[in-house]
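Thanks for making the time this morning. I would like to take you through one protein model, beginning with a feature of its surface and then stepping back to the whole chain.

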Amino acid sequence: MITQTTIFSPALAARLDRLVTLYPVKRSALVPMLLYAQDEIGYCSAAVVAECAERCGISELDVRNVLSYYSMLRTKPAGKYNIQVCTNISCMLRGGYEILNHCREKLGIHENKGVTPDKLFSVEEVECIGACCWAPAVQVNYDYHENLTPALMDKVIESYAAKPQ
Ligand code: FES
């Protein structure tokens, strides 16, 4: 248990203290731990890697190997609203790339995982998000938006931009 020095909030630190007790070996808690950490810090920073390695009793290299495998774990900050556009087969056949390019053009983002200057949005091309029946689909943080067209995507983006920031 790490309670002396932590980069996390007291609530998250307590959650992570408990998390490692739920598995036969501590390292099995690594992926959920990184996801919880990412939700709080915004990305898996060097400090997140160091603390998660210590909490799981593994090396920082072990943590970085896991980070490089899972695309949902980020090593750079995303926008406040991270738009993940699926371009796998179902979405691709129903306009997934049109949605992806539309998001990039509308937000002026020209690289994968790029972030708007105000840090409000980022756009990321992703593999199947399990919403194939409602393709094309995007995920914004933890919310799904389905059966999209460029016009509907505009409304989705505008709804997030209109939220109190
Ligand atoms: S292919 Fe896009 S959600 Fe499955």
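**A nonpolar patch on the surface**

On the surface, I89, M92, L93 and Y97 form a nonpolar patch that together has about 420 Å² of accessible area. Such patches are made of residues with over 30% relative accessible area and no salt bridge, nonpolar side chains (Val, Leu, Ile, Met, Phe, Trp, Tyr) being joined within 5 Å, where a salt bridge is a side-chain nitrogen of Lys or Arg within 4 Å of a carboxyl oxygen of Asp or Glu; areas come from the Shrake-Rupley method with a 1.4 Å probe, and for residues only the protein chains shown count as cover.

Please keep in mind that this is a predicted model, in which local features need pLDDT of at least 70 and side-chain atom pairs count only at pLDDT 80 or more, while totals for chains, interfaces and linings use all residues. Residues are numbered from 1 along each chain as its sequence is written, and side-chain values use heavy atoms, with hydrogens and water left out.

Helix 5 (residues 89-93) gives the largest share of the patch, 3 residues, whereas Y97 lies in helix 6 (residues 96-107); helices (H or I, at least four residues) and strands (E, at least two) are DSSP runs, numbered from the N terminus. Y97 is partly exposed, at 36% relative accessible area, a class lying between buried (under 20%) and exposed (over 50%), with a 1.4 Å probe and protein chains only.

Stepping back, the protein has 7 helices and 5 strands, and 42% of its 165 residues count as buried.

Notes:
Patches are made of residues with over 30% relative accessible area and no salt bridge: like charges are joined within 9 Å, nonpolar side chains (Val, Leu, Ile, Met, Phe, Trp, Tyr) within 5 Å.
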